[in-house]
Amino acid sequence: MWADPASIEEGALQQLRNVATLPWIKGLAVMPDVHYGKGATVGSVIAMQGAVCPAAVGVDIGCGMSAVKTSLTANDLPGDLSRLRSKVEQVIPVGRGMHDSAVDPGRLHGFGTAGWEDFWGRFDGVAEAVKFRAERATKQMGTLGGGNHFVEICTDTTGSVWLMLHSGSRNIGKELAEHHIGIAQKLPHNQGLVDRDLAVFVADTPQMAAYRNDLFWAQEYAKYNRSIMMALLKDVIRKEFKKAKPAFEPEISAHHNYVAEERYDGMDLLVTRKGAIRAGSGEYGIIPGSMGTGSYIVKGLGNAKSYNSASHGAGRRMSRNAAKRRFSTKDLEEQTRGVECRKDSGVVDEIPGAYKPIEQVIDQQRDLVEVVAKLKQVVCVKG
């Protein structure tokens, strides 16, 4: 456990105890941003042999982060950033919004289309329950979604400008997750579990094969979704800073709700990271804070005790409803001073005060990652 036990709410502690009772489990690593979730906590890494728990992945399959360092500096940015935020919002639909027609990746500057046709071709092989969502899934590709998802323009401590975004597999991933969780809960081997939301699929069954097929497809959807949004965001930057001729470094991308096949102690395991990133030795990751505090680019240290993992962000310290009761739009304005972002009642639940201090979360995992860059957002587009 990399979290302070005293800081974890009793409900989350009980969820961790529940997970530890599963007969297929080989290990459980608890991240410093751990908090209550559905079935399994957010901020936990669960290693199982011959089984996988959909609730230990999360319903937003493949949710994660992408970041790109640019050649721009803080001196290139205008004093009034409202136009820049407006331009981003025009090209990347947020909330339940979607594109009027599917984005053509061939028209996106520098977007690699290899595997694109194969990816969509495999949609025919996913669960029948979501087939009728095909048109919506194509129009939602390249959209942000809601909740804690965001697009940001940031500066680091050296003055370099970064582009960063957080999103997942949109509604298609959520529907696939809920479909399979419903199937798992009805299986005979799951009837005696301490929590029905911890229902698992076991190896060498048609249900496991179907889930893994859809799971990996949704993880790809999420990655493509972030890549398309980043390409759209880069186009905005090119147009708005034409004179500066911005260049972009390679994209850093990291899932934090997903399953991976990994080997530890001579065992082939299915490792689920729910609110956690892979932090293998030398691997880059992104650990965001809240919409007013900034984020960190990190490099993994390859700590096997954590299953080569680290936290996915600051982690909530109160529920959305609790945040709405406790904070006002005035509080939001104060806590996001200096950031060009929404400051209305619709995003009060995302106020920085609802999250754990990101610096503390980073300090608690110094044996998991090293900090490469510290970013502070200047523009934040919320879903």
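Seven strands make up an open sheet in the order β8-β4-β6-β5-β15-β13-β12, with antiparallel pairing, where two strands pair if DSSP finds at least two bridges between them. The model is predicted, so local features need pLDDT of at least 70 and side-chain atom pairs count only at pLDDT 80 or more, while totals for chains, interfaces and linings use all residues. Residues are numbered from 1 along each chain as its sequence is written, and side-chain values use heavy atoms, with hydrogens and water left out.

**Overall form**
- The secondary structure of the protein chain comes to nine helices and 15 strands, these being DSSP runs numbered from the N terminus (helices H or I, at least four residues; strands E, at least two).
- The radius of gyration of the protein chain is 20 Å, close to the 21 Å that the globule rule gives for 383 residues, so the chain is as compact as a globular protein of that length; the radius is taken over C-alpha atoms, and the rule is 2.2 Å times the number of residues to the power 0.38.
- Taken along the principal axes, the box filled by the C-alpha atoms of the protein chain is roughly 60 × 50 × 40 Å.

**The seven-stranded sheet**
- In the sheet ordered β8-β4-β6-β5-β15-β13-β12, the edge strands are β8 (252-255) and β12 (284-288), each of which pairs on one side only.
- Neighbouring strands of this sheet are turned by 30° against each other on average, direction ignored.
- Strands β13 (residues 295-300) and β15 (residues 369-382) run antiparallel and are joined by six bridges, and S295 stands opposite L375 in β15.
- Helix α2 (residues 82-91) packs on this sheet, touching β5 (150-156) and β15, and its direction makes about 90° with that of β15; contact here means heavy atoms within 4.5 Å.

- Six bridges join β1 to the antiparallel strand β2 (residues 42-48), and the bridge partner of L28 in β2 is I46.

**Helix pairs**
- Helix α5 (residues 170-185) and helix α6 (residues 206-240) pack at an angle of about 165°, with their axes 9 Å apart; axes are lines fitted to C-alpha atoms, for helices over the stretch in contact, and angles run from 0 to 180 degrees between N-to-C directions.
- That makes α5 roughly antiparallel to α6, given that angles under 35 degrees count as roughly parallel, over 145 as roughly antiparallel, 65 to 115 as roughly perpendicular and the rest as oblique.
- By class, the contact of α5 with α6 has eight nonpolar, four polar and two charged residues, where Ala, Val, Leu, Ile, Met, Phe, Trp, Tyr, Cys and Pro count as nonpolar, Asp, Glu, Lys and Arg as charged, and the others, Gly among them, as polar.
- The axes of α2 and α6 come within 10 Å and cross at roughly 140°, and the two helices are therefore oblique to each other.
- R83, L84, K87, V88 and V91 of α2 make this contact with L232, L233, V236, I237 and E240 of α6.
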